[in-house]
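Please open the structure in your viewer and keep the sequence at hand.

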Amino acid sequence: PRWLKFVKGVVDSDDLPLNVSREILQKSKVLSIINKRLVRKSLDMFRDLAEDEDPSKYIMFWNNFGKYLKVGVIEDDKNKKE
């Protein structure tokens with residue numbers, strides 16, 4: 001999602017078809033499942049960071065990326081509670 005644009009990485013999956021157009025890949029069921037799992041994993045990492053013994057880590061994270069998380073609260077209805 002747009003509000004997690006600061007998270008960068010590579011996802012390796014054997015389930016994605018290789019020789020397809022971008023439109024077909026965007027409609028792929030596997031891609032939507034990967035997207036949901038990445039969002040869930042990111043939220044779990046943010047929660048772990050908030051519950052860490054050292055509050056300065058979360059404060060630094062919030063100062064750098066808090067504006068994106070605020071957008072996520074507005075845009076992402078599925079994960080609004082988390």
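Begin by selecting E75 and R2: their side chains meet in a salt bridge, with an N to O distance of 2.3 Å. The model is a predicted one. This pair links distant parts of the chain, since E75 lies in helix 3 and R2 in the segment before helix 1 (22-26), 73 residues apart. Colouring by accessibility gives a further detail of the two partners: E75 is partly exposed, at 38% relative accessibility, whereas R2 is exposed, with a relative accessible area of 58%. Side chains of opposite charge can pair when their charged atoms come close.

How many salt bridges does a search of the whole structure find? The search finds three, and the remaining stops include the other pairs.

Next, select D44 and R47. These residues form a salt bridge in which the closest N and O atoms are 2.8 Å apart. Both belong to helix 2, and because they are three residues apart there, about one helical turn separates them. D44 is partly exposed, with a relative accessible area of 30%, and R47 is likewise partly exposed, with a value of 30%.

Then move to K57 and D52. Their salt bridge has its closest N and O atoms 3.2 Å apart. K57 has a relative accessible area of 44% and is therefore partly exposed; D52, with 29%, is also partly exposed.

**The contact of helix 2 with helix 3**

Now display helix 2 (residues 29-50) together with helix 3 (residues 55-75). Their axes come within 10 Å and cross at roughly 140°. What is the handedness of the crossing of helix 2 and helix 3? The crossing is left-handed.

To see the residues that meet, show side chains for F46, L49 and A50 in helix 2, and for K57, Y58, F61 and L69 in helix 3.

From here one can follow the link between helix 3 and the segment before helix 1, and then turn to the left-handed crossing of helix 2 and helix 3.

Terms used: Residues numbered from 1 in each chain as written. Predicted model: local features only at pLDDT ≥ 70, side-chain atom pairs only at ≥ 80, totals over all residues. Heavy atoms only, no water. Axes fitted to C-alpha atoms, helices over the stretch in contact; angles between N-to-C directions. Helix = DSSP H or I, 4+ residues; strand = E, 2+ residues; numbered from the N terminus. Left-handed = near helix turned anticlockwise from the far one by under 90°. Contact = heavy atoms within 4.5 Å. Salt bridge = Lys/Arg side-chain N within 4 Å of Asp/Glu carboxyl O. Buried < 20%, exposed > 50% of the residue type's maximum accessible area, 1.4 Å probe, protein only.
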